[in-house]
Amino acid sequence: MHSKRSNYIKSQKVVSAILVSMVALSSGTAAFADEVTPTTSTATVTSSSLFNDVKNGYWAEKHIYKLASQGIILGDKGLFRPNDSVTQQEAITMAIRFMGLQDSLNSSNTSTLPANLTVGNYFKPYVDLAFQKNLLDKKLEMDDATLKTSWGQKQASREWITQILVRAIGKQDEATSANKATAFADNSKISASKLGYVNVAVELGLTNGTTGNRFDPQGSVTRTQLATFFSRAEAHSNTQYANASEGIVTSINNDTLSLYVNGKILDFSLDNKTAYFTSTSDTKVALSDVKLYTKVMVLANTGKASYVEITDPKEQLDSIDTTFERMFPGNMLGVSNNTSFDSYKYDANTIFLDQNNNKIEPSALTAGSQIVIKRENVTSDKNVIVVQIKSGVINKSSNGTLQNVDVANKTVAIKNASGSLESYTWDDSSIIRYQTQILTPADLKSGSEVKYTVKNNVIQIIEVTQAVEHTVRGAIYQIGANNSTITYKKEGGSLEVKLLVDKPVIEINGIAKPVFTDLIADTTGGDQVELTLNPQEQVTKIVVINRQMEQKPDSSVVSYDAKTKLLTILDANKKPFVVTLDENTKLSYNTTTPTLSGIEPLLTNNRRINLNYISNRALSIEVLYKYEGTLYAMDTSARKLTILLANGQTVTKPYISPIIEIFGKSSSSISDVKIGDPVTVVMTDNQDNVKSILVRSSKQYEVTSIDQSSGRVMVKADSLLSQIYLDKAVIVGDGGQISQFSNLQVGNIINVSFNGYTPATAQVVKLLTGEVLTIDAAAQNVTVKNYNGSSETYKVQGAFKIVRDGQISTNLNSLLPTDRVEIRKDVDGSTTLKVLSTTTRDFWKYDSASREVFLKTQSTSEKNRFTLSPNAYIHQGDTVITVQSLKENDNIVVYFNNDIIVEIQKR
């Protein structure tokens, strides 16, 4: 396969500062084809612009990228000055490069130019060569009446440029025979010697003229226009550029593009500055638009692709579906098709792939495997490019990282050492282990490093070599001295001992801030727990999932003997029961430091308690001084209220004049408490009447400031500021983990639950913030690329609202791709999708002390300083940059959340 682009310009000379500012991008009206700014593409583009004054999406961007990548045009300090006019000496220099004639330049300091034809020293060899190659006509140039000015510094006119370009593509003879009047309205202003060149340019589609059917022959040409003209003239040129390679895409990812070119595989590295275009459009496309086995042209320097053009989007390979039989000497594949046999020759450049698109050795093919052979169809050799297994027997051992475990379907996905994803099934004979432990598939966690063995397509062994956090379950048998170890009984009855981290998280349903003494360890009836283990096999979290003891809720004391420790009670059904207390009995009453001697005086006749026990041994006793549940009924005549407890039981208690606490209401009465309200009912010391009713409520706030010393936070809700004290509240992280007050941050969204006036818990709300990629209104799905770079699909369930600039919508289609959003659950369970506000401005400066970004303004009414979020995403394309790397006048897109900068995109 051969291309005119397949050879390098043999010499790339250093260009002086005078020339390197030559041709750049611009708009304007020139007498060249398609010089109206086209519609902007909606494709996602990750590459950044080559030059600071050439913005992404600029109408001539393709031509600038291409010519710059070919070494025909260069920049000066990152700039091209796109609207500057082109001088004649600059245009000639560019034409010589366009024609690939640098090797013919006169390297000596001598010049044959006429003395009165003034040209800059750097440009003299180019102009000399232009005369030698008949690119310029010495008589016509010397006869120019404007030679009283510098010939080289003279601005190139439209008709003069047209003549140069037609000669550069070898169409001078056609121009001579077409020397007739043009159809332009200002034909009389076109020089007689240029008429044929203008006609040829029109015929070739290089020029359409300007508005009003005019050619404007003496008008100047901008750098952008000339770059575009040369780029489009390449279709009529035979010049071959050495850094151009055209071939078939055999592999592509975010970092590398592989091409099959003339029997060889060439690899090119990709980065965020690589630009992607098609041969049929001037609009930039995304890397994802480059497909396997299509034909592309790559312009590269030292293996790094700067420009990629899709020249034919059709798959360039012929596919042959067949059955592999055996290998023959001489790199021959033996295959069968029904009753016939055939063979195909492969070479060192042939790629062999398994079902998961992972590269394999030819020897990995097994007889009977269904394969597809892909051959190129552009040469007579029809070389085999790819051989891929469609279905067959896989036997292998490898290393990788667990990506997903589907216990229901018995499948596991593993990213292998090369970064490719493989998927296998397991069966009942498969072995899963970690060190000396035998694991179940449910114990496997995504992110764990593993060794694995596959036999006959079924995974036989998975050995976890580096675990991430994982969980185990059992019953607490014993907690060691100083709370350093925990012994638990496994399902089979064997005991396992684990070290505890310094302060493991403990979670027990119904206990706000549980500690070690809240856990029940017992040889036969200890708490059923789930233990979270870190990679060092230390316990970081203990969650009580069940308690095996028997329960006697809402019992009443009959008597207690302090000597024998015998407690007699009547249970809720008025049946007597006797238990023994000991030093291991967990005690709870209205104190933070319960003791046996402290609870004994309270165990008097008719005292209400909750009792948990095993075999007449008291595991825990709770003296009841409050009830939590839902207000079920209220008899205002008899002055009694009934509470529905979490366990489904009801408790009826008398009241006289209870204190009523409802958050947000300064003074409340019993009439303010409604049936169905969640409440905490606190009893008097002798448990005979309701002392207070605390209505439980929740509200969502944004944290605006934090006072660590006092535990006070300033919060905002519905545009109103208020303060609440969270020093005694349970703080919960956005993943449901118990946290600390010190972990709260300004900007957090928190759901605060109140017991009357008192905050009981404050949970940080999980936020999904980033760029909208896709919206599926029918499936109620929104896919967002978050600021960590990963994509997440959010299922919008139940009620939701979309807030954009204060306007509310309930139509998912009102979201747009590239919108930045913050998605969160409100306290009532509904979803809010908040579209972040944005502005496009020029950067001024950054104050690191105050974390403020200053932007340049168009008017005095515009705000010019904004606070930068500590976790702000600052990037150029997909490359993360620092705010300190931004320079004055950099054009940036800024996204705000509550007037705080959360993203800066450098353009």
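Trainee: Hi! Before I get attached to any details, what is the mean pLDDT of the protein chain?

Mentor: Good place to start, since this is a predicted model. The mean pLDDT of the chain is 86, and 93% of its residues reach 70 or more.

Trainee: Okay, noted. Let's go to tyrosine 787. Where does it lie?

Mentor: Tyrosine 787 is in the loop that runs between β43 (781-786) and β44 (791-795).

Trainee: What is tyrosine 787 in contact with, apart from its neighbours in sequence?

Mentor: Beyond four places in sequence, its contacts are Thr769, Gly770, Arg820, Leu836, Tyr873, Val902 and Glu903. With glutamate 903 there is a polar contact between the two side chains, at 2.7 Å.

Trainee: How far is tyrosine 787 from isoleucine 874, in sequence and in space?

Mentor: They are 87 residues apart in sequence, and their C-alpha atoms are 9.4 Å apart in space.

Trainee: What holds paired strands together in general?

Mentor: Strands of a sheet pair through backbone hydrogen bonds, and the pairing can be parallel or antiparallel.

Trainee: And what is the strand order in the sheet with β43 and β44?

Mentor: The order is β44-β43-β42-β47-β48-β45-β46, an open sheet of 7 strands with mixed pairing. Its edge strands are β44 and β46 (807-809), each of which pairs on one side only. On average, neighbouring strands of this sheet are turned by 35 degrees against each other, ignoring direction.

Trainee: Nice. Moving on to charges: how many salt bridges are there in the whole structure?

Mentor: A search of the whole structure finds 35 salt bridges. One of them joins aspartate 271 and lysine 304, with the closest N and O atoms 3.7 Å apart. Aspartate 271 is in the loop between β3 (264-269) and β4 (275-278) and lysine 304 is in strand β7 (residues 304-312), so the pair ties together parts 33 residues apart in sequence.

Trainee: How accessible are aspartate 271 and lysine 304?

Mentor: Aspartate 271 counts as partly exposed at 30% relative accessibility, and lysine 304 also counts as partly exposed, at 43%.

Trainee: What about arginine 804 and aspartate 819, what do their side chains form?

Mentor: Their side chains meet in a salt bridge, 2.5 Å from N to O. The pair links distant parts of the chain, 15 residues apart: arginine 804 is in strand β45 (residues 800-804), and aspartate 819 is in the loop between β46 and β47 (820-825).

Trainee: Is aspartate 819 buried or exposed?

Mentor: Aspartate 819 is buried because its relative accessible area is 12%, under the 20% cut-off. Arginine 804 is partly exposed, with 25%.

Trainee: Change of topic: strand β50. Which of its residues are buried on each side?

Mentor: In β50 (residues 852-855), Glu852 and Phe854 are buried on one side, and Val853 and Leu855 on the other, which leaves both faces covered. As a rule, side chains in a regular strand alternate between the two faces of the sheet.

Trainee: And which strands does β50 pair with?

Mentor: Strand β49 (residues 837-847) pairs with β50 in the antiparallel sense over 4 bridges, and phenylalanine 843 has leucine 855 as its bridge partner in β50. Strand β51 (residues 865-876) also runs antiparallel to β50, joined by 3 bridges. There, the bridge partner of phenylalanine 854 is arginine 865.

Trainee: Which residue takes a positive phi in the hairpin of β49 and β50?

Mentor: That is arginine 851, with a phi near 55 degrees; the hairpin has 4 residues between its strands.

Trainee: Last one: is threonine 228 buried or exposed?

Mentor: Threonine 228 is buried, at 1% relative accessible area. This residue lies in helix α8 (residues 223-233) and touches Trp59, Ala60 and His63, leaving out residues up to four places away in sequence.

How values were computed. Residues numbered from 1 in each chain as written. Predicted model: local features only at pLDDT ≥ 70, side-chain atom pairs only at ≥ 80, totals over all residues. Heavy atoms only, no water. Helix = DSSP H or I, 4+ residues; strand = E, 2+ residues; numbered from the N terminus. Contact = heavy atoms within 4.5 Å. Polar contact = N/O pair within 3.5 Å; in protein donor to acceptor, adjacent residues only side chain to side chain. Pairing = 2+ DSSP bridges. Axes fitted to C-alpha atoms, helices over the stretch in contact; angles between N-to-C directions. Buried < 20%, exposed > 50% of the residue type's maximum accessible area, 1.4 Å probe, protein only. Salt bridge = Lys/Arg side-chain N within 4 Å of Asp/Glu carboxyl O. pLDDT = per-residue confidence, 0-100.
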